[in-house]
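Thanks for asking me to look this over. Here are my notes, point by point, to read with the model open beside you.

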Amino acid sequence: MPSFDVVSEIDWQEVRNAVDQSKRELGTRFDFRHVDAGIELAEKSIQIHAEEEFQLQQLLEILKTKFVSRKVDIKVLQPGEVTPSGKTKRQVVNLVEGIDRATTRLISKRVKDLNKKLQVQVQGYHVRISGKKRDELQQIIAALRDLDLPMPLQFKNYRN
């Protein structure tokens, strides 16, 4: 019976590369010369700091362009609130990985609305969809790609 998994994963090597490229660009940009600004990769977040809020926005835009160039979806970035810290302002940008319960329910409901014959199993942070025909599964993949979700979806483990 053909099946596939719907997951939301992050390629951490590409995230590290994007952050390193952003740091390099920060060092060469004229508008950040003699400015106390920086980007650091923490466990599951990126911490940025600068002297002004508009500089934080520019740092976030640098990060987004590097993520796009490294083919990492920018939906994984969830900027937090700006907090003042002495002379600088800090912002934590969380990296979201995995599918939450509300989204798994939405995916399950959408699949059942489109095709009653398919079986949907929620397994932790991913959803397994199985059916008898590959064409039905490919239609579901196309329909799920059209959904506007707050996280990127990947379709893995496709089996016949």
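Predicted model: local features only at pLDDT ≥ 70, side-chain atom pairs only at ≥ 80, totals over all residues.

1. A word on burial before the rest: a residue is called buried under 20% relative accessible area, exposed over 50%, and partly exposed in between (1.4 Å probe, protein chains only). Residues are numbered from 1 along each chain as its sequence is written, and side-chain values use heavy atoms, leaving out hydrogens and water.

2. Next, the aromatic rings. Rings of Phe, Tyr and Trp (its six-membered ring) pair if their centres lie within 6.5 Å; planes under 30 degrees apart are stacked, over 60 edge-to-face, and the rest tilted. The count comes to two aromatic pairs. Helices (H or I, at least four residues) and strands (E, at least two) are DSSP runs, numbered from the N terminus.

3. Lys156 and Glu9 form one, with their closest N and O atoms 2.9 Å apart. Lys156 is in β8 while Glu9 is in the loop between β1 and α1, 147 residues away. Lys156 is partly exposed at 37% relative accessible area, and Glu9 also counts as partly exposed, at 37%.

4. How many salt bridges does a search of the whole structure find? There are seven. Asp113 and Lys109 make one at 3.1 Å between the closest N and O atoms; the two are four residues apart in helix α3 (residues 101-114), so about one helical turn separates them. Asp113 counts as exposed, at 51%. Elsewhere, shared partners join Glu25, Arg29, Asp31 and Lys66 into one network, in which Asp31 and Arg29 meet at 2.8 Å, N to O.

5. Now the sheet. Two strands pair if DSSP finds at least two bridges between them. Four strands make an open, antiparallel sheet in the order β2-β3-β5-β4, with β2 (38-41) and β4 (77-85) at the edges. β2 and β3 pair over four bridges, and Ile39 faces Ile48 of β3. Helix α1 packs on the sheet, touching β2, β3 and β5, while α2 lies across β2, β3, β4 and β5.

6. Finally, the interior. A nonpolar core is a set of buried Ala, Val, Leu, Ile, Met, Phe, Trp, Tyr and Cys residues joined through side-chain atoms within 4.5 Å. The largest has 23 residues, of which Ile46, Ile48, Leu59, Phe67 and Leu95 touch the most other members. Two or more residues come from each of α1 (12-28), β3 (45-50), α2 (53-69) and β5 (88-95), and α2 gives the most, with six. A second, separate core of 16 residues includes Leu118, Val127, Leu137 and Leu149.

Note on methods. Contact = heavy atoms within 4.5 Å. Axes fitted to C-alpha atoms, helices over the stretch in contact; angles between N-to-C directions. Salt bridge = Lys/Arg side-chain N within 4 Å of Asp/Glu carboxyl O.
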